[in-house]
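Biologist: I am new to this structure, and I would like a friendly tour. Could you show me the sequence and model?

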Amino acid sequence: MSLFSAYGAASLLECTGGLGTFQVFRPFMAKLTAHIRLASAARRRTKAEHLRDEMREHLRLKEIGVLPAEEYETAKVRILDQHSPAAQPSLARASTRL
């Protein structure tokens, strides 16, 4: 039994074996499905939420000393630039060229 991504491009999980393997596999799949549903429900719904979460994570990394202040400032500018209204049309134009 194989599970494929929504686009069918990658095998996410492959199970080989007999009936005993399948009996062990069923409870695992139930747990996996529940975790996937939780992760899907926790997804950011808007660009503003994504921006907020991304900025919070960078600040957290800076505060615990993982990210130096200079790198934090650089990342902050990059993140804000990516999410600025002026950047959105250029991203759309870039994707049409690909």
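Modeller: Happy to! Buried means under 20% relative accessible area, exposed over 50%, and partly exposed in between (1.4 Å probe, protein chains only). This is a predicted model in which local features need pLDDT of at least 70 and side-chain atom pairs count only at pLDDT 80 or more, while totals for chains, interfaces and linings use all residues. Residues are numbered from 1 along each chain as its sequence is written, and side-chain values use heavy atoms, leaving out hydrogens and water.

Biologist: What percentage of the residues of the chain count as buried?

Modeller: The chain has 98 residues. Those that count as buried make up 11%.

Biologist: Is His58 buried or exposed?

Modeller: His58 lies in helix H2, residues 47-63 (helices are DSSP runs of H or I, at least four residues, numbered from the N terminus). Its relative accessible area is 17%, so His58 is buried.

Biologist: Which residues is His58 in contact with, leaving aside its neighbours within four places in sequence?

Modeller: Contact means heavy atoms within 4.5 Å. With those neighbours set aside, the partners of His58 are Leu67, Tyr72, Ala75, Arg78 and Ile79.

Biologist: How is H2 oriented relative to H3, roughly parallel or roughly antiparallel?

Modeller: Helix H3 covers residues 69-83, and its axis comes within 10 Å of that of H2, crossing at roughly 175°. Axes are lines fitted to C-alpha atoms over the stretch in contact, with angles from 0 to 180 degrees between N-to-C directions. Angles under 35 degrees count as roughly parallel, over 145 as roughly antiparallel, 65 to 115 as roughly perpendicular and the rest as oblique. That crossing therefore makes H2 and H3 roughly antiparallel.

Key
Helices (H or I, at least four residues) and strands (E, at least two) are DSSP runs, numbered from the N terminus.
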